[in-house]
Amino acid sequence: MQFDGIYTPLVTPYRDDFTLNGAALAETVEHLISAGVHGIIVAGTTGEYYAQGPEERIELMGRVRTLVGDRLPLIVGTGAMRTEDSILYAEAAKNAGADALLVATPPYACPTGREIALHALAIDRAANLPVILYNYPGRMSVNMDEECLDRLGRSPNFCAIKESSGDPNRLHMLARDYPHIALSCGMDDQALEFFAWGARSWVCAGSNFAPEAHIALHRACVREGDFTKGRAIMSAMLPLMRVLEQGGKFVQCIKHGLTMRGIDAGPPRRPLQPLNKDDKRELEEVIRTMNKTIEAIERGSK
């Protein structure tokens, strides 16, 4: 499977009682497809998979597959603390018709590179689907190191890696030493650098509510090879990225951004709490300014 384009880790819209808002979920899927994103991810961090039970997660896979149909690739996250649970989710994803899996390091255990590889290989054997690896040491505390990548590189299913370490040296290492594992941007404020180093895909939570901006940057850098335009778009997006990454309110910001688009994404599940009025006001102003600036850049390049 070739990963190329904008892949949106889907939010899970909730009602005020924290039950799934199926109508808002369907609206979100249609909004993303109409905007032109290239793939949808279920059970990423943005989807709050960690706050969902197994039955909910499995139901959501099938529901989103039905909503998407064959219009876009569907990628399903297998994140869990136990390998057995990740295998369960991988098998359920395959049964639901997933096109690929997102495989992260199990949290809290701090496994070694070898142990991460054995975990991922067990999932691979169970589901036999294309895999995008997810390296996120900020939440998992450890990197998918060279030993891990060397072991996984022997299976053709491990075809991409979402790199979210924020370490430029990791970016260079992956681009130089592991060209057979496609590089996918997983650190939003480094998207320009990822594209310069050959990444062709971007897994970006902000594309839930601002797909046009994310697609514009990808188009400028990857499709057109116009990094002058790309720098201008990236500059316009950086204030949003700072708001999203600072203060520990990432999921809340993504949900409020989608609500600004007229789709009620609802509250995050506890222990997270919704944004306060000041946070909402700041996010709204940043989004409005970004959109106006990017629209002007796009008009000026035509």
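Reader: To begin with the helices, is the crossing of H9 and H12 left-handed or right-handed?

Author: The crossing of H9 and H12 is left-handed. Please bear in mind throughout that this is a predicted model.

Reader: At what angle do helix H9 and helix H12 pack, and how far apart are their axes?

Author: Helix H9 covers residues 211-223 and helix H12 covers residues 277-300. They pack at an angle of about 35°, and their axes are 10 Å apart.

Reader: Which residues in H9 and H12 meet?

Author: From H9 come Ala 213, Ala 216 and Arg 219, and these meet Met 290, Ile 294 and Glu 298 in H12. The residues of this contact of H9 with H12 divide into four nonpolar, no polar and two charged.

Reader: Turning to the strands, in what order do the eight close into a barrel?

Author: The order is E1-E2-E3-E4-E5-E6-E7-E8, with parallel pairing. Neighbouring strands of this sheet are turned by 25° against each other on average, direction ignored.

Reader: Over how many bridges do E4 and E5 pair?

Author: Strand E4 (residues 100-104) and strand E5 (residues 131-135) pair over four bridges, in the parallel sense. Within this pair, Leu 102 stands opposite Ile 132 in E5.

Reader: Which strands does helix H4 lie across?

Author: Helix H4, residues 113-127, lies across E4 and strand E6 (158-163), and runs at about 160° to E4. Helix H7, residues 168-177, lies across E5, E6 and strand E7 (182-185), and runs at about 165° to E6.

Reader: How many residues has the largest nonpolar core?

Author: It has 104 residues. Those with the most contacts inside this core are Ile 40, Val 64, Leu 101, Trp 202, Leu 217 and Met 237. Helix H10 (residues 227-245) gives the most to the core, with eight residues.

Reader: What is Trp 202 in contact with, leaving aside its neighbours within four places in sequence?

Author: With those neighbours left aside, the contacts of Trp 202 include Ile 6, Tyr 7, Phe 195, His 214, Leu 217, Met 237 and Met 241.

Reader: Does Asn 157 count as buried or exposed, and why?

Author: Asn 157 counts as buried because its relative accessibility is 15%, and buried means under 20%. Leaving aside neighbours within four places in sequence, Asn 157 is in contact with Asp 124, Asn 128, Leu 129, Pro 130 and Val 131.

Note on methods. Residues are numbered from 1 along each chain as its sequence is written. This is a predicted model: local features need pLDDT of at least 70, side-chain atom pairs count only at pLDDT 80 or more; totals for chains, interfaces and linings use all residues. Side-chain values use heavy atoms; hydrogens and water are left out. Two strands pair if DSSP finds at least two bridges between them. Helices (H or I, at least four residues) and strands (E, at least two) are DSSP runs, numbered from the N terminus. Axes are lines fitted to C-alpha atoms, for helices over the stretch in contact, and angles run from 0 to 180 degrees between N-to-C directions. Contact means heavy atoms within 4.5 Å. A nonpolar core is a set of buried Ala, Val, Leu, Ile, Met, Phe, Trp, Tyr and Cys residues joined through side-chain atoms within 4.5 Å. Buried means under 20% relative accessible area, exposed over 50%, partly exposed in between (1.4 Å probe, protein chains only). A crossing is left-handed if the near helix is turned anticlockwise from the far one by less than a right angle, and right-handed if clockwise. Ala, Val, Leu, Ile, Met, Phe, Trp, Tyr, Cys and Pro count as nonpolar, Asp, Glu, Lys and Arg as charged, and the others, Gly among them, as polar.
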